[in-house]
There are 2 protein chains.
Amino acid sequence: MFQRGIQIEKGRVGVMGAAGDVLRESGRVLVERMAEYLDTVAERPVSTPLAPSDLLGRFAEPLPREGRPAEVVWADVWERVVDDSIHLAHPMYMGHQVAPPLPHAVLADALTSLLNQSTAVWEMAPTGTGVEQQVVGWMRELLDFPPQSDGTLVSGGSAANLTGLLAAREATFPGAWRDGVQGSSQLERAAVFVADHAHYSIERALGVMGLGHGAGIRVAERDFRLDPAALERAIADARSRGRIPLAIVATGGSTATGLFDDLSAIADIARSESIWLHVDGAHGASFMASDRLRERLRGMERADSVSWDPHKMMFMPISAGAILVRDRRHLDSAFQQTAPYLFHPRPGESRSHDIGRRTLQCSKRFDALKIWISVQIHGLDHFARLQEHTVDRAAALFRKLQEADDFEPAHAPESNILCFRHLPVAWRDRPTEELDSLQNRLREVYNASGRGWITATVLGGRRVLRVTLMNPATTDDHLEALLQGLRDTAAGLTGSTGREPSRAGGESRR
Amino acid sequence: MFQRGIQIEKGRVGVMGAAGDVLRESGRVLVERMAEYLDTVAERPVSTPLAPSDLLGRFAEPLPREGRPAEVVWADVWERVVDDSIHLAHPMYMGHQVAPPLPHAVLADALTSLLNQSTAVWEMAPTGTGVEQQVVGWMRELLDFPPQSDGTLVSGGSAANLTGLLAAREATFPGAWRDGVQGSSQLERAAVFVADHAHYSIERALGVMGLGHGAGIRVAERDFRLDPAALERAIADARSRGRIPLAIVATGGSTATGLFDDLSAIADIARSESIWLHVDGAHGASFMASDRLRERLRGMERADSVSWDPHKMMFMPISAGAILVRDRRHLDSAFQQTAPYLFHPRPGESRSHDIGRRTLQCSKRFDALKIWISVQIHGLDHFARLQEHTVDRAAALFRKLQEADDFEPAHAPESNILCFRHLPVAWRDRPTEELDSLQNRLREVYNASGRGWITATVLGGRRVLRVTLMNPATTDDHLEALLQGLRDTAAGLTGSTGREPSRAGGESRR
């Protein structure tokens, strides 16, 4: 056991030999348990019925000064942590845009952690840097980006969006990094054009960068998409008020609806107006793997920067995000600093290979490994098929909703996301507020039942149910089970009295 | 095999059953290989002799549309990626502040990836949120932080430092998040007091936040520590020029030397001047686990925010960073945004448990699990012993350097970091530039030899060698081997002619 092996005797720490035994012994048990988990996950409730107040207290314990046997702790992990997790691998999981990860990617993450290469600095990841460069190269190829393009893996879409806007800032306001608001950079006149459906991390990036909400200029939507005509008007209006466009933010697969902005039309405007185009493709850029789905992203190849989360539709575990720029110089200039203890110029090389000069992170996880391994084992076409399967299920669900007299789709789906409402026949004439409230309660009680798990959002001012079909194991049978589950739940809620039942947190399903 | 199991037949994707088999089959092999790796790592060269140009081309391959057998790809990973990695688990690894991870933490990371809980949102990590809250609670306890303190795990020290400064910005300039430079926030007058030895991520944070380099006011050092008297003068001078102090940044274990700023004296100044105190304890805060070492951090308990990287001296794999604040309201206000699809108020709860409202990240890896598991299995005292062992080795190395007539320590060590120079007796009277150049070449050739691996930096204008003793397996024998290795290498470099040999990248050790 590790605790015995690592004890300090006669000034020596015998960690290495023992560490192998520990990993071997506990690793074998863990692999078998993880495999059993996948074998049987469909028999579990999808998530826990317990409320935060029920669960958070479970972990309140004094900081242990002494250890406990590893097998006891690990057994406890499966009971206390795993059982009441949300089970993304369950085919009835249709929740947020987090993927059930591919098994080889899960295993690759263990190797990533064992090697602990820090990919910010070449000498701390001599091969890891090469693997990341290759993965980024494949992404650039899929994007049809030019040879001078580049990119880096980041912790996720939020970091990617922030990085893209930092690159845009320096390209538009040269010297902004160095001089900031204390220079004559006119940063206070910056304007970022963004639709309402943009992910909150865009607004957050403006906050982080000290530009404030006023820097974000809301562009009207049409059918839940950024309206190119409104964008042109917004730009003209902003310019007339002395504002300086910093970037246009378009979305390739928006969070709420999964719909795609008209990237070609927006790229035309960006080019004619000479404004940086950032495309948030966190969700949708992975669809470039599919010859059928990539059509929906036409125009993205003309973006100046693209956010892309392989931990969404490439079925990778978190963390696996990426920022790609069409001209590497803009990524080089997005961050500028010196660190003599880290970034050494190497003899005979004109350009540093230290990725960390171009990311927010200094310690940087070797997330590229799992992508590199998975793409080689499965081949890209396999990813395309998995994606098409989930997108086809959204289309199938849309047809079912249209055919049903008690459901109403909020839009036709373009990806694997779909918003809709359940409107029980007897409730059709109820006021809007009651129908909104019903959707809320329906989601809550349905999710707490363990039968399935969906999300909700606000669309056009109305509360809607929302599914993201992240799991390739989800079939049409599961979609039927979803509708039946929602009907059953609504019947229980509306009942004979139509009164509100007690809240979900107090119910138990076990 | 996975590829057969996951194929789409009759509209069904049989992913789940097959996924368990894939994980079981490939996982068993991987665990055995990882264990063998740990068993034999000390027999490997510590890192590769190959240069970036040699290695990066190795991975240049077309994007594969078709897959390959998993066992072939995995075997290739061990050959192409692992063999030429830098091996942190090798006891002669004494390089940057990245740890050889504890085996149970490596395994925990596999479970983290399998479950893929996204800890930004409670409902996507019902138990994961509780585990993170508990780990943060333990950290608050170790810091002696008050009950109203709080924190969150982040991707690493750079994100933690940025988050701490964002909290400081909002506390000092209320409304800065919302209004930014377009408001009347006076952000252009902001001043952050920082010593030269501060990590580059502080300067980077100022760049990201649009404050510019001018916002950073350099405070003089004394003996490689921030000089409190100079800090007082700098504050007075800045105020007299109309500047508004945003934060004082002190360091608990500086990157270059591992020395600790006088946090008590600095906390006194921060309090009397009413300025936010941010302590970058990325490296050193873990020493709070040790009754002996925590004395060096006295005063940190009075900081307003603390950065802390468990992926350094808690021997966790990347990513595992944390930001702690002494008043949770400042973390709540550091980020402000709406996202109706994510952050739902929950019935009956006054305060949201969604961690993502207080971090840069939206998808957020369940990094707390490995800390929680490792602390329970080993007990905190075990971490203290591992830390003390590495710190004691730095002290032992210091004594050896003092006793040797051809080595010169640059400072007395306070943690597990030590800078020094090798000055071969015959070279004593050489000009400074030649001695600087020797240190550079020495590190390069020694590292390329595979015998050991160290870093270098610039200290007081002079090039110095630098070790960070991150590996508890490193013993005094290994320290002797380090000195002998450097002597041998220098002898080869200075030789009878004293001329520079050909560059390291062209040499081979295999």
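Modeller: Let us begin with a helix pair: the crossing of helix 16 of chain A and helix 17 of chain A is right-handed. A crossing is left-handed if the near helix is turned anticlockwise from the far one by less than a right angle, and right-handed if clockwise. Helices (H or I, at least four residues) and strands (E, at least two) are DSSP runs, numbered from the N terminus. This is a predicted model, in which local features need pLDDT of at least 70 and side-chain atom pairs count only at pLDDT 80 or more, while totals for chains, interfaces and linings use all residues. Residues are numbered from 1 along each chain as its sequence is written, and chains are lettered from A and ligands numbered from 1 in the order in which they are written.

Biologist: At what angle do helix 16 and helix 17 of chain A pack?

Modeller: Two packed helices are described by the angle between their axes and the distance between the axes. Here helix 16 (residues 432-449) and helix 17 (residues 476-494) of chain A pack at about 115°, with axes 9 Å apart. Helix 16 of chain A is therefore roughly perpendicular to helix 17 of chain A (a class that spans 65 to 115 degrees). The axes are lines fitted to C-alpha atoms, for helices over the stretch in contact, and angles run from 0 to 180 degrees between N-to-C directions.

Biologist: Which residues of helix 16 of chain A meet helix 17 of chain A?

Modeller: Contact requires C-beta atoms, placed from the backbone, within 7 Å. On helix 16 of chain A the residues include L438(A), R441(A) and Y446(A), and their counterparts in helix 17 of chain A include L486(A) and T489(A).

Biologist: How is chain A divided into domains?

Modeller: The bounds come from an automatic or database domain assignment. Domain 1 of chain A covers 44-116 + 379-510, and domain 2 covers 128-176 + 185-376. In their contact, 30 residues of domain 1 of chain A face 31 residues of domain 2 of chain A. Helix 5 of chain A gives the most to the domain 1 side, with eight residues.

Methods. Two residues are in contact if their C-beta atoms, placed from the backbone, lie within 7 Å. Angles under 35 degrees count as roughly parallel, over 145 as roughly antiparallel, 65 to 115 as roughly perpendicular and the rest as oblique.
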